[in-house]
Amino acid sequence: MAVFLAEPYKIKVVEPIKVTTREYREQAIKEAGYNMFRLKSEDVYVDTLTDSGTNAMSAEQWSALMHGDEAYAGAASYYRLIAAAKDIFGYGFFQPVHQGRAAEKVLFPSFLEKGKYAIANLFFDTTRAHVELAGARCLECCNPEAADTQLKAPFKGNMDVEKLEKIITEKGPENIGMVVMTITNNSAGGQPVSLQNMRDTAAICQKYHIHLNIDAARFAENAMFVKLREPECKDMSIKEITRAFFDLADTFTMSAKKDAIVNMGGLIGVKDEEAPYILKIKANCISFEGFYTYGGLNGRDLDAMAVGLYEGMDENWLRYRLATMEYFGERLDEYGIPYQSPAGGHGIFLDAAKFYPQIPYNEFPGQVLSIELYKECGLRGCDIGSFMIGNDPDTGKQLKSINEFTRLAIPRRVYTQTHYDMVIEAINEVWKKRETIKRGYRITWEPPILRHFQATLEPIE
Ligand code: F0G
C-alpha cells in the first residue's frame with residue numbers, strides 16, 4: 001500500500017477555498033472559453049495549474065521581507081542574495097530578474113540570432129519562445145525513454161547525447177548558439193537528469209566550443225533525484241550535487257518561483273566573472289527589468305529568495321517532496337491509471353493519450369482531460385501536449401507533441417494529503433468514464449505566440 005511521508009512543517013496561516021457544484025463548474029469553464037488559464041482562481045478547489053510562484057513562504061522568509069532594503073542601487077538585499085547564490089552555485093556573476101522568462105530574454109540574445117539553433121533536452125514553452133524571439137530555432141534531443149510513459153527508468157529527463165552530437169555535426173557547430181540542459185526536464189514530466197548525462201553533454205559542448213546553459217528552475221528536486229538514484233552520488237549533500245552540475249555549465253537561467261520557493265523572482269548566473277557578455281546582460285537588464293542590483297524585484301523579494309534558495313535545498317524537505325509525488329503515483333498505479341512514471345519531481349503528468357486514444361492530437365487530449373477533471377472536482381491542471389506546443393513558427397501548421405499530458409503541478413507547502421486523496425479519487429472517476437468522451441476541442445481564437453495561455457476553444461459536437 002502507498003505510504004504518505006508526513007509533512008516536515010506545520011500550518012500557521014490558512015486560506016479558505018470555495019466549494020462549488022458540478023453545474024457551477026460546467027458554466028465557469030464554458031465562460032472561460034474552455035481554457036484553464038482563463039478560469040478565476042476562486043472557482044478552483046485544488047489548483048495544480050502550476051508549481052510556479054504558487055508556493056507558501058516560510059516564517060523565515062516572511063521575516064526576511066522586513067529586512068528588505070528598497071534602495072534603487074546597491075541595496076543590502078542585493079548583496080545578501082549574491083552571497084547566497086555564490087555560496088550555493090560558486091559562479092562569478094549573478095543577475096537577479098523578475099522571473100525565469102526574463103532571465104531568458106536578458107541572456108539569450110548574447111548567443112542566439114537568425115540562422116542559429118538552440119538545442120535542449122526539451123524546452124519549456126517560454127524558453128522556446130525566447131529562442132524564437134531572438135531569431136533562432138529550437139531543436140530537441142530528449143532521452144527516447146521519455147516517450148514511453150509506462151517505462152519506469154531513473155533518468156528519463158536526460159539529453160540524448162548521441163543525437164545531440166549528430167545534430168551539431170549536421171547543422172555545423174558554428175550554427176549552434178547554445179545547448180540548454182533543463183533540470184528537471186519539465187516537458188518530459190518533471191523527469192531528472194543524471195550527473196553522468198550532464199558530464200557527457202558538457203564534454204560534447206567543450207569538444208565543439210558550444211555554450212552550455214542550465215535551465216535551473218527545479219535544480220534542487222533534480223539534485224535529490226540524483227542522490228536517490230545515482231549510486232556514485234548517494235553520500236553527497238544536495239549542495240555538493242548542485243555544485244557538481246553547475247561546475248559543468250557556463251551559465252544558468254533560473255525561475256526562482258519553483259525550487260527557491262518564492263512567489264516572484266528569477267536569476268541569471270555566469271561562471272566566468274570576466275565574460276564579455278556580462279556587459280550585455282547588465283545593459284539588457286537595465287532596459288527591460290530595472291537597474292542590475294534589483295532586476296525588476298523589490299528589495300524584500302531578493303531577501304526572500306536568498307532564504308528560499310537554502311530552504312528549497314533542505315534534504316528533509318526534498319525527501320518529503322519527492323515522497324509525495326511517489327505516493328500519488330503509487331495510488332494511481334493501484335487504479336491502473338497511466339501517467340509519466342515514475343512520478344516527476346514537481347507533479348504528476350497524466351497520460352491523456354491513453355485516457356482518450358479515440359481523440360487525435362489536433363483535438364487536444366491533454367486539454368480534454370484537464371476540462372473533465374475540473375468539471376469532476378474543481379481541480380485545475382493544464383495541457384502539456386499539442387495544445388501547448390502550438391504551431392510551427394515557419395509553416396503555421398499544428399505541431400504534434402511526443403506526449404499528450406495533463407499536468408498536475410503541485411505547489412510547494414500548500415496542500416495536504418487529504419487534498420491529494422480527494423484528487424486521486426476524482427481522477428479515478430474520470431478514468432472510469434473515459435470511453436464516454438467521443439470528441440475533443442477546436443480552437444476558436446488564438447494569438448500568434450504562446451497561444452495556450454489565451455486561446456479560446458469549443459467542444460467539437
Ligand atoms: N524554465 C522552466 C523549466 C520552467 O518550467 C519555467 C516555468 C520557466 C523556465 C520560465 O519561468 O515562469 O518564472 O518565467 N514554468 C512554469 C510552469 C510557468 O508552469 O511550468 P517563469
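1. A residue is called buried here when its relative accessible area is under 20%. Please keep in mind, as you look around, that this is a predicted model.

2. Buried residues in H7 are Leu195, Asn197, Met198, Thr201, Ala202, Ile204 and Cys205. As a reminder, an α-helix has 3.6 residues a turn, so residues three or four places apart point the same way.

3. What do the buried residues of H7 pack against? Their partners are helix H6 (161–171), strand S5 (176–182), strand S6 (212–215), helix H8 (219–229) and helix H9 (238–246). After H7 comes His209, with a positive phi near 55°.

4. Next, have a look at the ligand. There are 17 residues around the ligand, and those that come nearest are Thr50, Arg101, Ser255, Lys258 and Arg407. By kind, the shell holds one nonpolar, nine polar and seven charged residues. Helix H4 (100–107) and helix H5 (125–133) each supply at least two residues of this shell; the largest share, three residues, comes from H4.

5. An N or O atom in the side chain of Asn186 is 2.9 Å from an oxygen atom of the ligand. For Asp215, a polar side-chain atom lies 2.7 Å from a ligand nitrogen atom, and for Lys258 the distance from such an atom to a ligand nitrogen is 2.9 Å. The protein covers 95% of the 470 Å² of accessible area that the ligand has on its own.

6. Two cis peptide bonds deserve a glance. Ile183 and Thr184 are joined by a cis bond with omega about -20°, and Thr184 sits in the loop between S5 and H7. Ser341 to Pro342 is also cis, with omega near 0°; Pro342 belongs to the loop between helix H12 (315–335) and strand S9 (347–351).

7. Tyr34, at about 55°, is in the loop between helix H1 (22–31) and strand S1 (46–47). Phe364, at about 60°, is in the loop between helix H13 (352–355) and helix H14 (365–377). Are they buried or exposed? Tyr34 counts as buried because its relative accessibility is 12%, and Phe364 counts as buried because its value is 3%.

Technical notes
Residues are numbered from 1 along each chain as its sequence is written. This is a predicted model: local features need pLDDT of at least 70, side-chain atom pairs count only at pLDDT 80 or more; totals for chains, interfaces and linings use all residues. Side-chain values use heavy atoms; hydrogens and water are left out. Buried means under 20% relative accessible area, exposed over 50%, partly exposed in between (1.4 Å probe, protein chains only). Helices (H or I, at least four residues) and strands (E, at least two) are DSSP runs, numbered from the N terminus. Contact means heavy atoms within 4.5 Å. A residue is near a molecule or strand if one of its heavy atoms lies within 4 Å of it. A polar contact is a pair of N or O atoms within 3.5 Å; within protein, one must be able to donate a hydrogen and the other to accept it, and residues adjacent in sequence count only if both atoms are side-chain atoms. Accessible areas come from the Shrake-Rupley method with a 1.4 Å probe; for residues, only the protein chains shown count as cover. Ala, Val, Leu, Ile, Met, Phe, Trp, Tyr, Cys and Pro count as nonpolar, Asp, Glu, Lys and Arg as charged, and the others, Gly among them, as polar.
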